[in-house]
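This report describes selected features of one protein chain.

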Amino acid sequence: MIQAFLQRLARWLDRPLFPWRKLVVGFSLAEFALENWLLFRQYRVLQRTTVPKALDKEIDQETFIKSQAYGRAKAKFSFVSALFNQGKHLATLYFNIYPILWSVAGSLIVRYAPASLSGEIPRSLLFIYLMTWAETIIGLPFSYYHHFVLEEKYGFNKMTINTWVTDMIKGQALGLAFGIPIGSAFLAIIRKTGQNFFYYLWVFMLAVQILGMTIYPILIVPLFNKLEPLKPGKLKDSVEALASKLEFPLSELQVIDGSKRSAHSNAYFTGLPWIGKKKIVIFDTLLEKSSDKEVEAVLGHELGHWKMNHTSRILFIAQAHLFYTFALFSVFINNRSLFADFGFHREQPNIIGFILFNEILSPTDALFKLGMNFWTRKMEYEADSFAVDLGYRKELGASLLKLQIQNLSSMDADWFYSSFHHSHPILTERLRAMNWSSNEKLVQEKAKDEDKAVKASDREL
């Protein structure tokens, strides 16, 4: 039944001279306008000079003003980079960059590759590689500015030029190492399984995601960061006791050198959500800026996500969305009018079809993101409540406030902007839901925390 419906829809949408390019451009401009209207709404909030009433007992005026300035700087950078990317995207569409790059890939294959690599799959992989490198090179000025100007100005960047370049090279190498076999299999499945390819493609990508969740903490993270066991002590004993109490299958507590690149803090756990042992990873910046009890509270929140199967539920929704995406892709994969309107009159490469299909799907992806944000925000409330029930109300509230101060995160947000862009509730909403209150200004700890951060992030250039 699904197959018959999709075939009828495919025939109905394959209309000669249909203005697909204009439709995609319209979608792109509308999305750009919406994003920047939301950013403008948020920018107005970032121009406020008074600490939100819900935080005026905990946040001092100096910290609030600095946080607002950081937020405005990020908003300006976001607007400029989005404007540049929008212009680049429109130029790509209007100047037929996709068919030009596809032709270049074909010429390179003919000239330099053996006959065994002359098919569509090798050409598609080279096309993606060329496009990725072009995107990387074009984006270098923005990446440099973000790390070494914006983040540096507010004291967050701990990355050296050498680390920045090395990370980029490692990322490209990993892209090749994993992209070639995964991309080859992706395209081979489409070619060899006929009209029902989306079923097989969905199963394959599920396997890839599970494999990725397994090998990421083992193989990928150590390429970029140093991981060490948490030193024996009161914190380790307390966290192990908490994990045992919750029946969390903890195999190891690790500390990651997040301060190598940034002064921001975090903590997370790794491993498949439903089976096997798991590791808890704590950023060194979190340990240096928080008390042991506050670190416990943060981990209590993270364990709440595990206990309530949030990761499994997100994975399930993501897989449902992926199946929907691949099924809908089958409607467009042989759409001659779509290919022709973007300059592909004689060829219909599957990889190009997938790229063009994603251009058309963009508006529905925005709606999916909005729905996911509502759902994940609900999960954050649940995880906070879980930590509160464990007895960490005071410590979790203090930790959230400290993280907000140390990260200079926005103290308030426009509700519409927040709905589209924040997967977590804003600080005031979380504290209100926890019934948390304090009369102490946590910024009193700021000087001590900043001193710790300097010591932790003292790296040779």
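This is a predicted model: local features need pLDDT of at least 70, side-chain atom pairs count only at pLDDT 80 or more; totals for chains, interfaces and linings use all residues.

Helix α4 is the main contributor to the nonpolar patch, supplying 5 residues.

Helix α4 covers residues 97-112, and Ser107 is part of it. The relative accessibility of Ser107 is 45%, so this residue is classed as partly exposed. Between the C-alpha atoms of Ser107 and Gly371 there is a separation of 44 Å, and the two residues are 264 residues apart along the chain.

Arg123 belongs to helix α5, which comprises residues 120-153. Is Arg123 buried or exposed? Its relative accessibility is 18%, and Arg123 is therefore classed as buried, because the cut-off for burial is under 20%. When neighbours within four places in sequence are left aside, Arg123 is in contact with Trp102, Ser103, Ala105, Gly106, Ile109 and Glu347.

| Residue | Relative accessibility | Class |
|---|---|---|
| Ser107 | 45% | partly exposed |
| Arg123 | 18% | buried |

The remaining part of this report concerns a sheet. In general, the strands of a sheet pair through backbone hydrogen bonds, in either a parallel or an antiparallel manner. Here, 4 strands make up an open sheet with mixed pairing, arranged in the order β1-β2-β4-β3. At its edges stand β1 (227-229) and β3 (267-270), each of which pairs on one side only. From one strand to the next, the twist averages 30°.

Which strand pairs with β2 in the parallel sense? Strand β4, residues 278-283, does so, and its pairing with β2, residues 250-256, extends over 6 bridges. Within this part of the sheet, Leu253 is placed opposite Ile280 of β4. Helix α8, formed by residues 234-245, packs on the sheet and touches both β2 and β4. The direction of helix α8 makes an angle of about 140° with the direction of β2.

Key: Residues are numbered from 1 along each chain as its sequence is written. Side-chain values use heavy atoms; hydrogens and water are left out. Two strands pair if DSSP finds at least two bridges between them. Helices (H or I, at least four residues) and strands (E, at least two) are DSSP runs, numbered from the N terminus. Axes are lines fitted to C-alpha atoms, for helices over the stretch in contact, and angles run from 0 to 180 degrees between N-to-C directions. Contact means heavy atoms within 4.5 Å. Buried means under 20% relative accessible area, exposed over 50%, partly exposed in between (1.4 Å probe, protein chains only).
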